[in-house]
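This report describes selected features of one protein model. Keep the sequence and the 3D view at hand while reading.

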Amino acid sequence: MHNGQVPKQAQPAVTSMVRPQVRLADLKDDLAPEKRALAEDLRQVFLALGIGVRRYAARRFLDAGTVTRYLNGQRVPPWDFVAGVIADVQDAQRPLTPEAEEALRDLHRQALKSHQPSSKAQALQDKLAEADDETRRITTRQRALEEALRDRESRLEHVRGRVRNLETNLEGQQLTHRTELEVWQGEYTRLQEECGDLQEQVIYLQESLAVARAELIAAEDRCHRLGIQLDTVQELGSDGDEDNDSPSIMAMLEEADRRSSVPELVRAVSDLELRTRQAMASELVRAASQSRTIEEVVGLLSALRQAGFDAHAQTALPAMVMVRSIDDTSALARELTREGLEEYVLILVQASVKFHQPENMAALAIALHRCGLPQHAESLLQAAAVVRPLHDLVFVALTLTDTELDTTVATAMATAAAQRPLADLVTLSITLRQACLGRYADVLQTEAASIRSAADVAELIRSLTDHGLQTDAETVFAHTQQRSVGHLIPLLHVLRDGRAWTVLAQAADNRPTDDIAVLIDELYMSGRHQLATDLLMLIMDRRQPTQIRQLMEALDLLAPGSEAIMAAAARTLAPERAATLLTYLELCGLPDHATVVFRCMVYDDLVGHAGLFLQSLRTSGSRYALLDVLRQHAEGMGVETAARLMLALESATLTVHLDALIQDRCLNCPVLDIVLLVSRIMAAGGPAPRSEHVVQRIIDRVVDKRPVSEQAELLSALHAAGLTTHAENLSAQALETHGRHFKAELRGEHAASYSKDGSRLLGFSDRPGRRTRRS
């Protein structure tokens with residue numbers, strides 16, 4: 001205010017504290033809108049501190065005149081000053097909301113863009129300040145570099161000294177250990193010879209152990225038979241003859257190695273089972289399977305299965321993989337398939353993955369494919385791709401490339417992409433490219449991008465980038481964007497760089513409207529309002545009006561609906577972009593959504609932002625900037641909202657609209673409504689010229705249009721509300737316009753006021769600057 005008076009009930013826009021009495025110079029009328037908006041909102045924040053300019057300048061070691069120029073818009077303050085004020089307000093337990101702080105930052109950027117030094121001296125002063133800042137930064141950096149240089153020189157000298165000491169010690173050790181080396185070389189030769197002897201002994205002992213095990217089995221069998229004979233003799237009371245009908249286990253094994261028929265072998269296994277000799281039965285089957293022809297082995301396994309001895313058959317299969325040739329194994333698989341024993345073939349494949357070397361696995365895969373079992377060849381390679389070491393997998397791929405199994409190898413790589421750890425996928429990609437198997441690496445990465453979770457894909461992209469595989473990372477990123485919306489939503493949550501914007505741009509260009517609606521809704525519901533707004537604006541920029549209307553209809557079918565998303569977008573966007581959004585909605589025939597954006601910007605945003613929003617609407621030719629439309633919206637507004645709208649119109653220099661709203665609001669209402677409106681304007685706009693100008697226009701219109709008696713009543717009410725400055729302003733203008741008529745009405749109002757409460761009307765004056773005597 002011009003005389004430093006502050007209304008008792010005035011409240012700042014950003015806090016709930018009563019304003020301090022601070023004297024600040026008025027803003028100049030020729031300020032750019034951006035600088036004016038910044039200065040006005042910065043004042044509101046500063047006043048929340050509750051201290052004067054000089055005190056704050058002393059606190060921050062600044063010149064009081066400089067602080068004043070920052071606050072009245074003569075100079076655009078550096079952001080450090082604005083951030084300091086915000087921090088001080090937070091320390092005073094009156095913090096700004098994040099939205100208000102971001103709004104101040106936007107206004108500061110816009111003010112910097114519009115800032116032009118008013119004189120050559122000002123320009124030189126700004127350049128000098130910039131040069132001084134740059135000099136200080138360079139000096140600081142130079143000192144840091146000098147200190148680092150001294151530290152590195154000291155460390156270099158220390159390391160060089162250690163190197164010299166090590167070189168001296170190394171020369172001495174070489175001389176000392178040369179003789180020892182010759183001794184150890186002789187010892188090494190002797191140990192090698194001893195190792196060879198021990199290896200031969202191990203082989204001999206292994207063979208002896210096998211014989212001892214067979215003898216043990218035979219001895220246990222003989223003990224068993226003798227025990228049975230003893231029991232029989234004791235029961236019959238006679239010595240009885242030895243039961244020669246039960247063959248010994250050793251005899252069974254020897255006969256299995258010769259030519260016992262399949263039924264005889266099955267009968268022997270059954271006999272062993274009856275005597276709880278399962279291990280011996282399995283050993284008997286293994287011995288027979290390793291020496292018989294493929295047809296006999298298949299017959300034996302089939303007969304064992306039919307006799308209920310499936311476990312012994314399955315136990316023999318892995319041993320066959322280890323001792324039989326690749327051709328025998330593939331032939332056995334073919335014959336087992338013909339007999340309908342597919343599960344036995346799977347056991348062969350699993351055993352090959354577990355026990356075979358990479359070259360044997362590759363050979364078996366080719367043999368299986370050529371003997372008409374391509375599905376088992378594929379199963380073999382897929383299992384190997386999941387469980388075998390990476391170097392084995394690359395060896396198999398090299399062996400089978402450009403063969404009939406080339407496609408099958410690619411399928412195995414896809415399986416590895418689905419089940420291998422991410423670190424393995426990166427290492428495997430590098431190894432495959434080094435081995436000139438780039439097409440397999442492409443399959444690996446494309447499949448990982450297509451089926452792995454969003455978190456896995458994001459981590460894979462980062463790992464590939466960290467290992468210098470930027471092209472591979474971009475390939476994975478491109479393929480993963482082609483997946484469903486259900487994948488894109490968590491992907492947007494885990495991406496940490498500009499890739500999230502790329503995902504949104506791709507979705508805006510290629511996704512159907514329903515997918516876009518789901519994306520926007522999910523981003524909004526998960527609190528990612530900025531991403532939801534970015535995608536919405538991309539759609540507005542790139543889609544046709546029909547598609548935009550379809551998008552709004554789709555959003556209305558989801559919770560919380562399109563209007564809530566429009567409101568969130570209005571709160572997120574800068575004023576100019578919010579005006580663009582409203583214009584798009586108008587062009588698409590969506591007036592209800594446009595109204596939501598308008599109400600959010602005018603009713604809820606900072607006054608400076610609302611002014612920029614209205615100014616942008618007028619520039620774009622929006623109907624919401626027309627006088628009739630603004631009047632319609634103002635009809636249902638409360639006093640506080642109407643006050644904010646008037647201040648925004650003043651900020652946007654929409655004078656005609658402002659005068660029309662004042663006329664609608666102030667000419668036919670009770671006097672107390674005008675007092676309340678003036679109080680709210682001062683609370684929302686602070687002591688800045690913007691609020692003073694709006695109140696002055698209200699007073700001018702009241703003096704010009706309302707009866708003199710109501711002007712006197714308004715004067716009394718302004719004094720009672722503590723708005724003394726505006727009361728005196730009204731008194732001066734009314735006296736100048738109506739003269740004695742106003743004096744008479746004022747005396748009557750004074751008498752009525754005195755008769756009611758025994759007090760006189762403060763501020764009554766015969767002429768400006770002179771008060772009446774006490775009655």
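Which residues line the second largest cavity? The lining consists of L381, A384, L393, V396, V409, A412 and M413. The model is a predicted one, and the values below are computed from it.

**Cavities**

Rolling a probe the size of a water molecule over the atoms shows where empty space is left. In this structure there are 6 cavities of 30 Å³ or more. Three helices, α15 (374-387), α16 (390-400) and α17 (406-419), each supply at least two residues of its lining. Which helix gives the most to that lining? It is α17, with 3 residues. By class, the lining of the second largest cavity has 7 nonpolar residues, no polar ones and no charged ones.

| Helix pair | Angle between axes | Axis distance | Handedness of crossing |
|---|---|---|---|
| α25 (529-542) and α26 (545-556) | about 150° | 9 Å | left-handed |
| α33 (655-666) and α35 (689-705) | roughly 55° | within 10 Å | right-handed |
| α18 (422-434) and α20 (454-466) | roughly 40° | within 10 Å | right-handed |

Take α25 and α26. Are these helices roughly parallel or roughly antiparallel to each other? Angles over 145 degrees count as roughly antiparallel. The angle here is about 150°, and α25 and α26 are therefore roughly antiparallel. On the α25 side of the contact are L536, I539 and M540, and these meet I548, L551 and M552 in α26. The contact between α25 and α26 is made of 6 nonpolar residues, with no polar and no charged ones.

The next pair is α33 and α35. Their axes cross at roughly 55°, and the two helices are therefore oblique to each other. From α33, the residues T655, L658, D659, I662, Q663 and C666 take part in the contact, and they meet V694, R697, I698 and R701 in α35. How many residues of each class does this contact hold? The contact of α33 with α35 has 5 nonpolar, 2 polar and 3 charged residues.

The last pair is α18 and α20. The axes of these helices cross at roughly 40°, which makes α18 oblique to α20. In α18, L422, L425 and V426 meet a set of residues in α20, namely D456, E459, L460, S463 and L464. The contact of α18 with α20 divides into 5 nonpolar, 1 polar and 2 charged residues.

**Two points in the backbone**

Two loops contain a backbone feature to look up in the 3D view. Where is C436 placed? C436 is in the loop between α18 and α19 (438-451). This residue has a positive phi of about 60°, although C436 is not a glycine.

The other feature is a peptide bond. Is the bond from A559 to P560 cis or trans? The peptide bond between A559 and P560 is cis, and its omega is near 10°. P560 lies in the loop between α26 and α27 (562-572). Helix α26 is also the one that packs against α25.

Methods
Residues numbered from 1 in each chain as written. Predicted model: local features only at pLDDT ≥ 70, side-chain atom pairs only at ≥ 80, totals over all residues. Heavy atoms only, no water. 1 Å grid on protein atoms, 1.4 Å probe; cavity = no way out; pocket = protein on both sides within 12 Å on 5 of 7 lines; lining within 4 Å. Points joined across faces, edges and corners; volume = space filled by probe spheres on them. Helix = DSSP H or I, 4+ residues; strand = E, 2+ residues; numbered from the N terminus. Nonpolar A, V, L, I, M, F, W, Y, C, P; charged D, E, K, R; others polar. Axes fitted to C-alpha atoms, helices over the stretch in contact; angles between N-to-C directions. Parallel < 35°, antiparallel > 145°, perpendicular 65-115°, else oblique. Left-handed = near helix turned anticlockwise from the far one by under 90°. Contact = heavy atoms within 4.5 Å.
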